[in-house]
Amino acid sequence: MRGHLVIFMPSENLAITWRRIPERYRLTGSACETCRTNYFPTRKLCPKCRRKGKITMKQFSGKGKIYSFTEVTSGPAGFELEVPYLLAIIELAEGPRLTAQVVGVGEKDVKIGDSVEMIFRRILEDSPEGLIHYGYKFRLLKKVSI
Amino acid sequence: MVQSVGIVGYGACVPKFRIKSGEIARVWGEEPERISKGLGILEKSVPDVDEDAATLAVEASRNALLMSGIDPQAIGAVYIGSESHPYAVKPTATIVAEALGATPELTAADIEFACKAGTAGIQMCMGMVASNMIRYGLAVGSDTSQGRPGDALEYSAAAGAAAFIIGRERQEFVAEIEATYSFTTDTPDFWRREHAEFPSHGGRFTGAPAYFRHVMGATQGLFEKTGTKASEYDYFVFHQPNGKFPLEVARKMGIDVEKVKPGLFTPVIGNTYSAASPIGLAGVLDIAKPGARILLTSFGSGAGSDSFAIRVTEGIAGKREAFKKVGWQLADYIAHKEYIDYGVYVKHRRKLKSM
Ligand SMILES: [Zn+2]
């Protein structure tokens with residue numbers, strides 16, 4: 001369950017950071033028009049259709065469900081202030097699954113199948129003088145009962 | 001005929017965490033009751049460790065966009081007013097524009113004028129929309145402000161954002177902005193030098209020459225410019241560095257304080273700086289009926305005030321109802337809270353190294 005940490009490597013090349021901004025900031029991914037499969041993160045080639053595939057840009061809605069989750073109690077470097085936090089596999093409404101933090105709740109507050117929506121948060125900073133990486137996290141969908 | 005301009009969508013965002021004034025007072029050996037009553041602040045919002053002025057601005061802007069129903073690609077300008085931009089050099093506005101999907105065909109910039117940078121952005125958008133330079137402009141006030149540990153500001157400095165999409169098609173308005181008037185002088189009542197972590201201020205005596213002079217000067221100027229008087233407005237929203245100053249402005253100007261209270265949120269979320277009067281406006285728009293008239297006056301140390309005469313339109317009912325079902329209104333953010341103690345607060349605000 002270290003998916004998002006692989007996505008956000010502090011040492012990652014600046015050009016990669018730039019290229020991934022649309023997918024990290026607003027969940028822009030890919031779709032294959034040939035077989036109607038959606039992909040996240042972005043793909044250049046459809047693994048099902050190969051050269052027959054036609055890949056286009058796909059804007060995901062940010063809505064999804066918790067497919068699986070775990071509570072991280074001892075986080076990697078850069079996440080010391082955030083532990084304990086919830087890391088989940090989210091199944092997007094449009095199909096693809098991704099790994100992300102679910103904020104504002106603890107392990108006891110969620111269950112598999114809960115509806116979530118994307119929010120925009122700080123993920124990591126390279127160093128106190130370095131770049132700040134922003135991107136998607138999720139929260140339980142709307143309305144807190146008031 | 002002068003081109004009409006108005007708000008076509010708006011949104012707010014307040015972090016979930018709260019710390020009570022009494023808890024801060026306890027740590028510094030102050031009398032909790034005296035502090036809380038003296039400032040008119042019961043509790044203030046505290047950002048999560050992964051929130052900053054950019055993330056709050058994005059969330060408030062997404063709410064505004066959702067309510068407006070417009071295509072983000074039609075936004076021609078993004079202005080983010082803040083005194084806590086995450087970078088000293090590198091715009092927050094580009095982060096917000098990218099997160100909304102408004103890039104690349106637009107102009108964007110960060111604005112700084114202490115607590116009135118958000119309303120300065122509204123004025124810039126009004127001018128650009130009215131002159132046909134752009135179709136829609138987004139103006140945001142967003143801050144995660146900090147006070148030096150133990151300083152009086154520590155009881156009030158809070159976090160929040162409010163965003164307004166300004167357009168010129170009358171049928172899209174939720175509220176029309178009928179007039180604006182500004183009052184500005186060089187009055188150094190509050191400042192922060194480059195590399196300084198916390199602001200410095202002139203202390204208690206700055207209230208009269210700074211806050212009251214500018215807020216009342218701008219409000220009076222707007223009355224005169226529009227030929228209106230206090231009794232013609234249903235709501236007044238003033239910059240709210242604490243829970244008391246806005247009510248005092250009302251008393252000094254002969255305004256019914258009951259018209260100020262619906263837009264006064266500092267007692268429950270603290271002073272959100274650039275977002276303070278914009279959040280007040282968002283809260284009033286959430287409850288105002290079509291036809292209601294609102295007078296908004298911001299204040300930024302340094303110092304200046306922007307006043308706006310706003311009239312709620314028929315369009316608000318439908319957009320507000322539709323938004324309520326899918327998005328978070330200010331009342332949702334205020335109700336959705338979790339209290340933290342001073343220890344957790346220190347962690348959230350990363351204050352350790354400066355104590
Ligand atoms: Zn395919």
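Modeller: The centres of domain 1 of chain B and domain 2 of chain B, taken over C-alpha atoms, are separated by 16 Å. The domain assignment, an automatic or database one, gives domain 1 as 5–173 + 316–346 and domain 2 as 176–312. The model is predicted, so that local features need pLDDT of at least 70 and side-chain atom pairs count only at pLDDT 80 or more, while totals for chains, interfaces and linings use all residues. Residues are numbered from 1 along each chain as its sequence is written, chains are lettered from A and ligands numbered from 1 in the order in which they are written, and side-chain values use heavy atoms, with hydrogens and water left out.

Contact (heavy atoms within 4.5 Å) takes 58 residues from domain 1 of chain B and 50 residues from domain 2 of chain B. Between them the two domains bury about 4200 Å², 63% of it on carbon and sulfur atoms; buried area is the accessible area (1.4 Å probe) that two parts lose on being put together, summed over both. B:Cys115, B:Thr119 and B:Leu330 supply 14% of the area that domain 1 of chain B buries against domain 2 of chain B, more than any other three residues.

Separately, the side chains of B:Arg170 and B:Glu176 meet in a salt bridge at 2.7 Å, N to O.

The elements giving two or more residues to the side of domain 1 of chain B that touches domain 2 of chain B include strand S1 (5–13), helix H5 (117–130) and helix H11 (330–335) of chain B. Helices (H or I, at least four residues) and strands (E, at least two) are DSSP runs, numbered from the N terminus. H5(B) gives the largest share of that side, seven residues. By class, the side has 30 nonpolar, 17 polar and eleven charged residues; Ala, Val, Leu, Ile, Met, Phe, Trp, Tyr, Cys and Pro count as nonpolar, Asp, Glu, Lys and Arg as charged, and the others, Gly among them, as polar.

Terms used. Salt bridge = Lys/Arg side-chain N within 4 Å of Asp/Glu carboxyl O.
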